Structure formats: structure tokens, C-alpha cells
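Dear colleague,

Here is the structure I said I would pass on. My notes on its aromatic contacts follow below it.

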Amino acid sequence: MTPPNSAASPLTAVPLHGRPDAARTTRRVTVVVPTYNERRNVTALLRKLRAALGGLSWRVIFVDDDSRDGTARLARKHAVRDPAIQCLQRIGRRGLAGAVIEGVLASPDRYVAVIDGDLQHDERLIPAMLARIQAEDADVVIASRFLDAAAPVEGLSPLRLAGSRLATRLGRRALKARVTDPMSGFFLVRRDLVEAVAPRLSTEGFKVLFDIIASAQRPLRIIEMPYRFGDRAAGQSKMDRRVVLDYLGLLTAKLSNDLISPRLAGFLAVGATGVFIHLGVLRALLSVGFTQAQFIAAATAMTTNYLLNNSLTYRDRRKQGLALLTGYLAFCLACSLGLAANVGVASLVRAHGEVWWGAGLAGAAVGALWNYVCASLAVWRK
Ligand code: GDD
Ligand code: MN
């Protein structure tokens, strides 16, 4: 058996001393690179990996979500010349976490490094990460942006830096481990650990490392190593508001011991906005008469809830075009009972002399429960 890079890559012309087979297996690593529109960075990343991993037997797996810029095509072009390069092209799917999980599980190696494809991470750290995970028989090595408090973090805007720090602080509560950078996208992990927790991992969002650590069923041996997070080389970040929402959903799930799924958390959050909208409309229309106002308020909140859930909570099953309309009608139809219960309960409570907002809230709570059951079972069913 030849090591993967031996033929095509000059870097694996490594003299293997002593027992060659043992040396080969212990110095073997897979590098997983999730990519979405990173064509302009692929070649440079491979060049850098070759330079950095010279002493190791390594392979790289790009996991590309069918980028329109031709990232996968270029990765395959490299793969023709170097069998140690592979590309997993996923069709009709998006999600950094899911891409990372699939890449890790596709590796035959005991250790897998995960690194961004935009050159923001310092690939030169990988050999040292591998050496330490082996020497200390650890589960995870995190390349931390924050371990070296004195070092500047270049690749983040002040807002993102503050957000990342806050997310880290919140996340630490959900983790059984003390780490400075559980949100890092750059880490090295034992594949069997990911295998064990894979069924419990969320495939949405960016926080796959956090999820792996939080989902482990035993305390992990985690090592952190400092590095400097650089600026993105080309293209732009795919981090957006949804990624933040994904994280909040994941955090809720982990803090509730997986009692509240990220989806339910999303649904409840959307529901909370619905409550505000509901009460706002109710307040504005009180002069029309309480029952009518409550009805209109509930209908308005239902509509905004539908749209928000469609673009956030159920965005993996998102409806577009005609389906958006029929889905809305189905949602209205299915929830009309809930609406009746909502108005009925609110009117009843109001008639008992409760203040307008207390009555409105009681009605909305009943309605929200209905909406959730209907949404999961009927409207956005798989
Ligand atoms: N396959 C796939 N699918 N890859 C994706 C997707 C996706 O949906 N979204 C992003 N990527 C790839 C990008 O192409 C890049 O290689 C890497 O994942 C990181 O994406 P960026 O868009 O560059 O993320 P970032 O720089 O804003 O965020 C980095 O820092 C975060 C912490 O602040 C990443 O390292 C995150 O993992 C990390 O949590
Ligand atoms: Mn980036």
C-alpha cells in the first residue's frame, strides 16, 4: 500500500524510519475543507497545505455545497493529478456543520483536521496539532483565536469580535469543558468521537465544534493551541443573521438537555415576535371593539409567524412560489381552530374582568400551541 500522497505530491517523499507501517499510520491525517464559493482560494490552500504538511501522510477532502463559482470543478481538477485530493459535492443542500460532519465521516483516518477554505486559518499549525493529540491522547485540539490574549484577532470586525466573545461566554455554560474558543472553525478531532455523536449533531449553522463537544457523553480531553486568525483571502463570509439564529437554537437545545430541539426553539422565538405583533395590533385597534381587535391581531401575527417560520425555522423545507401560497392557506386552515380557541379563550378571560393584555396573552398562548402542532404535522411536514 502506498501512502495517499506519495505518487503525485512531492511532499510525501518522507523517509520513514524504523517500522514504516507504524510510522505511516501515526502520521496520517485527513484535512476536511468545507467550501461554498471558494474557487479563488482552492489552489492557494492546496499549495499552503502541501508546504505545511510535508512531513505527514495526508489527504484532503473538500466538501462543497454545489457552489456556483465552480469550486468543486476546480477541486476535482486538482484531484486528477493528486489522488490524495477528493471532493464531495453535495447537491441541493447547504450547511457548514453538515458539510464538516460528512467530510469527517468520509475519512478513513483516525485523526481529521477541519479548516476553512478561505485561508483565514493557519494551516501550519496542523502538524503540531496532530503531534499533541497523539502525545496527550486527547480527543480534540482546538486552534484558538483567543488563547493568546495579547495577539490581535485580525479577521473579525469589532461587531463580530464582540458577538463571538458573547457567543463563547454563553456557550461555555452549555459545555462541560472550559475552552476559550468553542466556536473555532479550525480544529483537529478523533474521527471516532464524531462518529459516536454524529446522530445528535445539528447539520445547520457554523458551530459544529461546539456541538461535538456539547454532545459528547463523556468529558473530553481538549487541548487548545493559539494561532492568529487572519483576514479572508478572497470572496466573502457566509456568516449571516441566520447563522446567529442557528447558534441560539443550538444553545437552547444544549442548555435544555436536548429537550427543546433547535427547531422548537426557533418556533418559540418566532412565536415571541408574534406575541409582540399581536399585542401591538390589539392595542392599536382596541377602539374597534375587543373581540374584533383580538381577531385581527391574531390573524396578523399568524401571517408574520408563517413567513418568519418559512424563512427561518423551516428553511430547510422552505416553500416558494405557489407552494408558499398553498402552504399559507393550509396554515390558515389548519390553524383556524387554533384561532377560534385563541379568540374564545381571550374573550372568556376578558369577560372575567382580566386586563386587555392579559386576556390577549392567554388567547395567544393557546393559539401558539395550536400553530406549532399544525406547523410540524401538517404544513412543513417532510
Ligand atoms: N460546504 C459548505 N456549506 N461550506 C460552507 C458553507 C455551507 O453552507 N458556509 C460556509 N462554508 C465554508 C466557507 O466556504 C469557508 O470555507 C468556511 O466554511 C467558513 O465560512 P466563512 O463564511 O468564511 O465563515 P467565517 O469566516 O465568517 O466564520 C469563521 O469563524 C467562525 C467564528 O467566528 C468560521 O471558521 C466558522 O466556522 C467559525 O464559527
Ligand atoms: Mn472565513
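**Aromatic contacts**

Y306 is buried, with a relative accessible area of 1% (buried means under 20% relative accessible area, exposed over 50% and partly exposed in between, with a 1.4 Å probe and protein chains only). The model is predicted: local features need pLDDT of at least 70 and side-chain atom pairs pLDDT 80 or more, while totals for chains, interfaces and linings use all residues. Residues are numbered from 1 along each chain as its sequence is written, chains are lettered from A and ligands numbered from 1 in the order written, and side-chain values use heavy atoms, without hydrogens and water.

Rings of Phe, Tyr and Trp (its six-membered ring) count as a pair if their centres lie within 6.5 Å; planes under 30 degrees apart are stacked, over 60 edge-to-face, and the rest tilted. That rule gives nine aromatic pairs. One of them joins Y306 and Y328: the centres are 5.3 Å apart and the planes at 50 degrees, so this pair is tilted. Y306 belongs to helix α11 (residues 290–313) and Y328 to helix α12 (residues 321–351), so the contact ties together parts 22 residues apart in sequence. Helices here are DSSP runs of H or I, at least four residues, numbered from the N terminus. Y328 is partly exposed, at 23% relative accessible area.

Y306 also forms a stacked pair with W380, at 5.3 Å centre to centre and 25 degrees between the planes. W380 lies in the segment after α13 (356–379) and Y306 in helix α11, so parts 74 residues apart in sequence are tied together. Both Y306 and W380 are buried.

Ring pairs link F267, Y306, Y314, Y328, F331, Y372 and W380 into a cluster.

Regards

Methods:
Helix = DSSP H or I, 4+ residues; strand = E, 2+ residues; numbered from the N terminus.
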